[in-house]
Amino acid sequence: MLVTIDHGSSVPLAEQIAASVRRALAEGKLHKGERLPAARALAGTLNVNMHTVLRGYQLLQQENLIELRRGRGAVVSGRSPGDRALVVETCRQLVGLAQGIGLEEHELLALVSDTYHSRV
């Protein structure tokens with residue numbers, strides 16, 4: 001199955017849905033132009049509210065990984081969506097780690113900027 005969730009997890013369901021799609025993109029299981037399952041159908045399969053699925057899809061749209069098209073549903077978009085999905089997921093993990101050790105946002109951004117510019 002493309003999308004899996006853990007109802008017992010502390011991670012919000014919409015975020016789990018988005019993470020599953022990101023993972024599928026990063027692993028090359030989804031490609032540009034492919035359609036994601038309809039929100040209503042996926043909600044039924046996962047036993048969640050349709051609006052929860054739509055929130056997950058909206059997160060992916062904000063990350064420019066999918067386009068939400070009226071009449072066509074959710075479609076994978078962008079150049080190298082798998083590569084972008086991997087970067088987005090890695091960033092989310094990095095932010096979680098930084099927050100876990102109490103690193104301030106400006107400190108993390110400085111580290112990322114320094115690393116980015118030193119890897120020419």
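A word on the model before we start. It is a predicted one, in which local features need pLDDT of at least 70 and side-chain atom pairs count only at pLDDT 80 or more, while totals for chains, interfaces and linings use all residues. Residues are numbered from 1 along each chain as its sequence is written, and side-chain values use heavy atoms, with hydrogens and water left out.

Let's begin with the layout. The chain has five helices and two strands; helices (H or I, at least four residues) and strands (E, at least two) are DSSP runs, numbered from the N terminus. Starting at the N terminus, the order of elements is α-α-α-β-β-α-α. The C-alpha trace spans about 45 × 35 × 25 Å along its principal axes. Of the 120 residues in the chain, 32% are buried. Here, buried means under 20% relative accessible area, exposed means over 50%, and partly exposed is in between, with a 1.4 Å probe and protein chains only.

Now for the salt bridges. Side chains of opposite charge can pair when their charged atoms come close. The cut-off used here is a side-chain nitrogen of Lys or Arg within 4 Å of a carboxyl oxygen of Asp or Glu. Searching the whole structure gives seven salt bridges.

Which residues are linked in a network of salt bridges? They are Glu-15, Arg-22, Glu-63, Glu-89 and Arg-92. Let's look at Glu-63. With Arg-22, Glu-63 forms a salt bridge in which the closest N and O atoms are 2.9 Å apart. That pair links distant parts of the chain, 41 residues apart: Arg-22 sits in helix 1 (residues 13-26), and Glu-63 in the loop between helix 3 (50-62) and strand 1 (66-69). Both Glu-63 and Arg-22 are buried. Glu-63 also meets Arg-92 in a salt bridge, at 2.7 Å from N to O. Arg-92 lies in helix 4 and Glu-63 in that loop, so this pair ties together parts that are 29 residues apart in sequence. Is Arg-92 buried or partly exposed? Arg-92 counts as partly exposed because its relative accessibility is 34%, whereas Glu-63 counts as buried at 10%.

Another salt bridge joins Arg-69 and Glu-67, with the closest N and O atoms 2.5 Å apart. Arg-69 lies in strand 1 and is partly exposed at 32% relative accessibility. Glu-67 is partly exposed too, with a relative accessible area of 32%.

While we are in strand 1, have a look at Ile-66, which also lies there. Ile-66 is buried, with a relative accessible area of 2%. From Ile-66 to Leu-97 is 31 residues in sequence and 26 Å in space, C-alpha to C-alpha.

Leu-97 brings us to the surface. Together with Leu-94, Ile-101 and Val-112, Leu-97 forms a nonpolar surface patch with about 380 Å² of accessible area. Patches like this are made of residues with over 30% relative accessible area and no salt bridge, where like charges are joined within 9 Å and nonpolar side chains (Val, Leu, Ile, Met, Phe, Trp, Tyr) within 5 Å. The areas come from the Shrake-Rupley method with a 1.4 Å probe, and for residues only the protein chains shown count as cover. Val-112 is in helix 5 (residues 105-118) and, at 39% relative accessibility, counts as partly exposed.

Next, the largest pocket. Which helix gives the largest share of its lining? Helix 4 does, with five residues. Among the lining residues are Cys-91, Leu-94, Gln-99, Glu-105 and Val-112. A pocket, on a 1 Å grid over the protein atoms alone, is an open set of points where a 1.4 Å probe fits, with protein on both sides within 12 Å along at least five of seven lines; lining residues have an atom within 4 Å of a point.

Last, two loop residues. Asn-47, between helix 2 (39-46) and helix 3, has a positive phi of about 60 degrees although it is not a glycine. Asn-47 is exposed, with a relative accessible area of 64%. Asn-64 also has a positive phi of about 60 degrees without being a glycine, and is found in the loop between helix 3 and strand 1. Asn-64 is partly exposed, at 46%.
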